[in-house]
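Let's take a walk through this one together.

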Amino acid sequence: MRALAHRSRPAAYTAVPAWIVVPAAIGAAFILLPLLAMALRVDWPRFGALVTSESSLAALGLSLRTSAASTVLCILLGVPLALVLARGRFAGQRLLRALVLLPLVLPPVVGGIALLYTFGRQGLLGQVLTVAGIQIAFSTTAVVLAQTFVALPFLVLSLEGTLRTAGTSYEAVAATLGARPSTVLRRVTIPLVLPGLASGAVLAFARSLGEFGATLTFAGSLQGTTRTLPLEIYLQRETDPDAAVALSLVLVAVAVIVVASTYRRPPGETAAPREPAPEGARP
Amino acid sequence: MITKTTTLLATAVLAAGALAGCGAGTPSAGSTTTAAASTSASTPALSGTLTVFAAASLKATFTELAKEFEAQHPGTKIQLSFAGSSDLVTQITAGAPADVFASADTKNMAKLADASLLDGAAVNFASNRLTIAVPPSNPANIAGLSDLARDGVKVVVCAPQVPCGAAAVTAEKAAGVSITPVSEESSVTDVLGKVVSGEADAGLVYVTDVKGAAGKVTGIPFDAADKAVTTYPIATVAASKNKELAAAFTALVSGDAGRKVLSDAGFGAP
């Protein structure tokens, strides 16, 4: 309640000096200008035909399916990992956090090589998997694994931050009232950090959608099986730059929709908007 | 006005005198002059930095040839940039500062010629042909192109959009074989990588790739490769600021020295 009262106070003072606007504008232009430049290059009369070609639709469909699967996998693996990192106290916790976040800074191609030597036919687990009759290389599973590898840290990082901000007081109260740890997790912790989990999942989805290097190295490139939208763009560039630009714009549009759907409100703010909804938002 | 011109003239004369004086004062002046004269007779005094954009498959050979060129012409420096031919074409079209372009196929060179971005005509200097690459243990017992069409054999090829993939399609058609690959890669390097790592049972790559992989893969030649030979052209880029140096390097590549280095690496005659 205090937080809400604070927010509703009129913003009389902002701690941002006026001159900050100039570098901020340059920063925004630095990101937006290349996107605008690309949009200007689109061959609009052919746009529809370019993005609805068989190979484009196959790539878009595969990208959406694999990114959704990776996001689910990220949630299944990332939520426990974030909980352990935020709430647990054990030796090597800092080291584990640093290592888990490694895919954030690794070039994706390095991730692809690492995955190849883990799940590949000659890899660490490859022998076992082959005996079990599981072939991962060149399959859609390989794409999902590559995407999960690069996207997982985004979810973990986002959720761990939310968990730390939320604190443990509600959990402690629930526990003193007799709730068992699993009940506390289900009834208190998860509902409390749901906005953080949602934005983490969206980030993971967006990162999966853009995955390129690890997929190319680990999964290969075959229409309908492993050739996701970024790989299709990379290939189309060879023969039909117009198609590559058109598909790039589609990828940007999908990413904008995905990101905008969670960042309409600042993360964590769950209160209903006070201002009347914008015209377009009304039914 | 007149005074200014006179001063300039006087300065010029003085400078010339000073230079001549210096030359005369040097003990080995005579021999130096002769040497300089003979050098300029064979090749005009070459100097400066030359930027060469070359197809990725030329990395080893062009690195060697650039060293040879720099040794032959002290004071010159060759800067090499390797990438897929179509990437390089895109970069040159966008104004990248290339002096010389060597492509892995004639199609990409034609793109620059059509856009009037070349200085003169391109010269074909080498050729390359496809071969089957298998891991040294040859797990799928591949003996020829028809084995690649067998069920359960994991074959990786280049996508038809890139030169090595186009050559693969031509070879398949010529041999009457229909391969169902598990992956169509964007570059021949990626195909080779999948075979080297043992993920694929076989891949269609260039003869030079197998030679460059130095024992990590085994090459299995096939007859239909004759029908899908790729030609490598080289040309000076129109925007080059050092066309003499560019011409000299192109001459080295397409001449006897280049021929030797290239054929050692497995390239055929153009």
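**A walk through chains A and B**

Start at Ser183(B), which sits in strand E7 of chain B, a run covering residues 183–185. Keep in mind as you look around that this is a predicted model. Is Ser183(B) buried or exposed? With a relative accessible area of 0%, Ser183(B) is buried, since anything under 20% counts as such. Its side chain makes a polar contact with the side chain of Glu185(B), at 2.7 Å. Now look at what surrounds Ser183(B) beyond its sequence neighbours up to four places away: from chain A, Phe138(A), Gly220(A), Ser221(A) and Leu222(A) touch it, and from chain B, Val155(B), Val156(B) and Val157(B) do.

Next, the cysteines. How many disulfides are there over all chains? The count comes to one, and the partners are Cys158(B) and Cys164(B), with their sulfur atoms 1.9 Å apart. A disulfide, as you know, is a covalent bond between the sulfur atoms of two cysteines. Look along the S-S bond and you'll find an angle of -90 degrees, which makes the link of Cys158(B) and Cys164(B) left-handed. Both ends are tucked away: Cys158(B) is buried at a relative accessible area of 3%, and Cys164(B) is buried too, at 6%. Over in chain A, Cys74(A) also counts as buried, with 0% relative accessibility.

On to the nonpolar interior. In soluble globular proteins, nonpolar side chains tend to be buried together. Here, the largest nonpolar core has 67 residues, and the ones with the most contacts inside it are Leu58(B), Phe62(B), Phe125(B) and Ile132(B). Which helix gives this core its largest share? That would be helix H9 of chain B (residues 243–254), with six residues. Domain 1 (46–127 + 231–264) and domain 2 (130–228) of chain B both contribute residues, so the core lies between them. Zoom in on Ile132(B) and leave aside its neighbours within four places in sequence: its contacts include Ile142(B), Leu145(B), Leu148(B), Ala202(B), Leu204(B), Ile220(B) and Phe222(B). Apart from this core lies another one, of 19 residues, among them Phe47(A), Ala59(A), Ala244(A) and Val258(A).

Val258(A) is a handy bridge to our next stop, because it is one of the residues that Val202(A) touches; Val259(A) and Thr262(A) are the others, not counting residues up to four places away in sequence. Val202(A) belongs to helix H11 of chain A, which spans residues 181–210. At a relative accessible area of 15%, Val202(A) is buried. If you want a sense of scale, pick out Thr118(A): it is 84 residues from Val202(A) along the chain, and their C-alpha atoms are separated by 27 Å.

Aromatic rings deserve a stop of their own. A pair of them is described by the distance of the centres and the angle of the planes. How many aromatic pairs are there over all chains? The count is eight. Take Phe212(A) and Tyr234(A): the ring centres are 5.0 Å apart and the planes stand at 65 degrees, so the pair is edge-to-face. It links distant parts of the chain, with Phe212(A) in the loop between H11 and helix H12 (213–218) and Tyr234(A) in helix H13 (residues 229–239), 22 residues apart. Phe212(A) is partly exposed at 25% relative accessibility, and Tyr234(A) is partly exposed with a relative accessible area of 25%.

Phe125(B) lies in strand E4 (residues 118–128) and Tyr232(B) in strand E10 (residues 230–237), so the pair ties together parts that are 107 residues apart in sequence. Phe125(B) counts as buried at 2% relative accessibility, and Tyr232(B) counts as buried at 0%. These two rings are members of one aromatic cluster along with Phe62(B), Phe69(B), Phe249(B) and Phe267(B).

Finish with Pro97(B), in the loop between helix H4 (85–93) and strand E3 (100–102) of chain B. Is Pro97(B) buried or exposed? It counts as exposed, at 64% relative accessibility. Val52(B) is 45 residues away from Pro97(B) in sequence, and the two are 9.2 Å apart in space, C-alpha to C-alpha.

Note on methods. Residues numbered from 1 in each chain as written. Chains lettered and ligands numbered in written order. Predicted model: local features only at pLDDT ≥ 70, side-chain atom pairs only at ≥ 80, totals over all residues. Heavy atoms only, no water. Helix = DSSP H or I, 4+ residues; strand = E, 2+ residues; numbered from the N terminus. Buried < 20%, exposed > 50% of the residue type's maximum accessible area, 1.4 Å probe, protein only. Contact = heavy atoms within 4.5 Å. Core = buried A, V, L, I, M, F, W, Y, C linked by side-chain atoms within 4.5 Å. Domains from an automatic or database assignment. Polar contact = N/O pair within 3.5 Å; in protein donor to acceptor, adjacent residues only side chain to side chain. Disulfide = S-S within 2.5 Å. Phe/Tyr/Trp six-rings, centres within 6.5 Å; stacked < 30°, edge-to-face > 60°.
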